[in-house]
Amino acid sequence: MRLTAKQITLLKVVLHLAAFLPFIWLFYAANQGLLSADPAKDIQHFTGRMALKLLLATLLVTPLARYGKQPLLIRTRRLLGLWCFAWATLHLVSYAMLELGINNLALLGRELVTRPYLTLGIISWLVLLSLAATSTQSLQRKLGPRWQKLHNFVYLVAILAPIHYLWSVKVISPQPLLYALGAIILLALRYKKFRQWRR
């Protein structure tokens, strides 16, 4: 049975809550001392993982819509992408403020250039910024075919962001590997598209 427009609207509400409520929990945990002895790192990792989860959720929409024969699911992709960008921005801001100090922009710029895993992170954020800025239907119509070419760069983020996460942890644990595996699977599901590009 195909989902109706009304059901998609309800699903959007659920997805908005799923993306927003973790922020409420993080704010509460930080204020109640529920984080570890290094709360700055906890906040950075939490926001980064949320961005990755929402990135993978965004990439999951198209396969679900295609193989599950639920074309209206595509309507949820934009909101997931925007929430991914929001959490990625929180991740960047938390690093700038809690790790370096917001008034030290020169140090931030130097860190982003000299540390390879941070370079991958800022490239991913810049791509997400461009996708978020051009996500409206009016810009989609205005850009025409170029819009799809630009938004295909989400696949680059799907490669760089998990590597950024893996590279940033001092001890490899199952969690970053699972995110990387999820990204590989979601990219593999698009092998036909990539094969067409190669041709």
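## Helices and how the model is read

Helices (H or I, at least four residues) and strands (E, at least two) are DSSP runs, numbered from the N terminus. Residues are numbered from 1 along each chain as its sequence is written, and side-chain values use heavy atoms, with hydrogens and water left out. This is a predicted model, in which local features need pLDDT of at least 70 and side-chain atom pairs count only at pLDDT 80 or more, while totals for chains, interfaces and linings use all residues.

## Segments listed in UniProt

An unreviewed UniProt entry lists residues 9-30, 50-67, 79-98, 118-138, 150-167 and 173-191 under "transmembrane region"; its positions are given in the numbering used here, feature names are shortened, and annotations may be inferred rather than shown by experiment. In the model, the stretch 79-98 is 100% helix and 0% strand, with its end C-alpha atoms 28 Å apart. The stretch 118-138 is 86% helix and 0% strand, and its end C-alpha atoms are 33 Å apart.

## The largest nonpolar core

A nonpolar core is a set of buried Ala, Val, Leu, Ile, Met, Phe, Trp, Tyr and Cys residues joined through side-chain atoms within 4.5 Å, where buried means under 20% relative accessible area, exposed over 50%, and partly exposed in between (1.4 Å probe, protein chains only). The largest such core has 49 residues, and those with the most contacts inside it are Leu-54, Leu-55, Leu-59 and Trp-87. The elements that give two or more residues to this core include α1 (5-31), α2 (39-67) and α3 (77-100), and the largest share, 11 residues, comes from α2.

With contact taken as heavy atoms within 4.5 Å, and leaving aside residues up to four places away in sequence, Trp-87 touches several residues, among them Pro-22, Phe-23, Phe-46, Met-50 and Leu-54.

## Two pockets

On a 1 Å grid over the protein atoms alone, a pocket is an open set of points where a 1.4 Å probe fits, with protein on both sides within 12 Å along at least five of seven lines, and lining residues have an atom within 4 Å of a point. Grid points are joined across faces, edges and corners, and a volume is the space filled by probe spheres set on the points. The largest pocket holds about 900 Å³ of space; of the 34 residues that line this pocket, the closest to its centre are Thr-58, Thr-62, Arg-77, Trp-147 and His-151. Helix α3 gives the most to this lining, with seven residues. The lining divides into 16 nonpolar, 10 polar and eight charged residues, where Ala, Val, Leu, Ile, Met, Phe, Trp, Tyr, Cys and Pro count as nonpolar, Asp, Glu, Lys and Arg as charged, and the others, Gly among them, as polar.

The second largest pocket has a volume of about 680 Å³, and of the 30 residues that line this second pocket, the closest to its centre are Gln-44, Gly-48, His-91, His-164 and Ser-168. Here α2 gives the most to the lining, with eight residues, and the lining is made up of 18 nonpolar, nine polar and three charged residues.

Lys-69 lies in the loop between α2 and α3 and has a positive phi of about 55° although it is not a glycine. At 58% relative accessibility, Lys-69 counts as exposed.

Glu-111, placed in helix α4, is buried, with a relative accessible area of 12%, and Glu-111 touches Tyr-95, Leu-100 and Leu-118, not counting residues up to four places away in sequence. Ile-185, in helix α9, counts as partly exposed at 45% relative accessibility.
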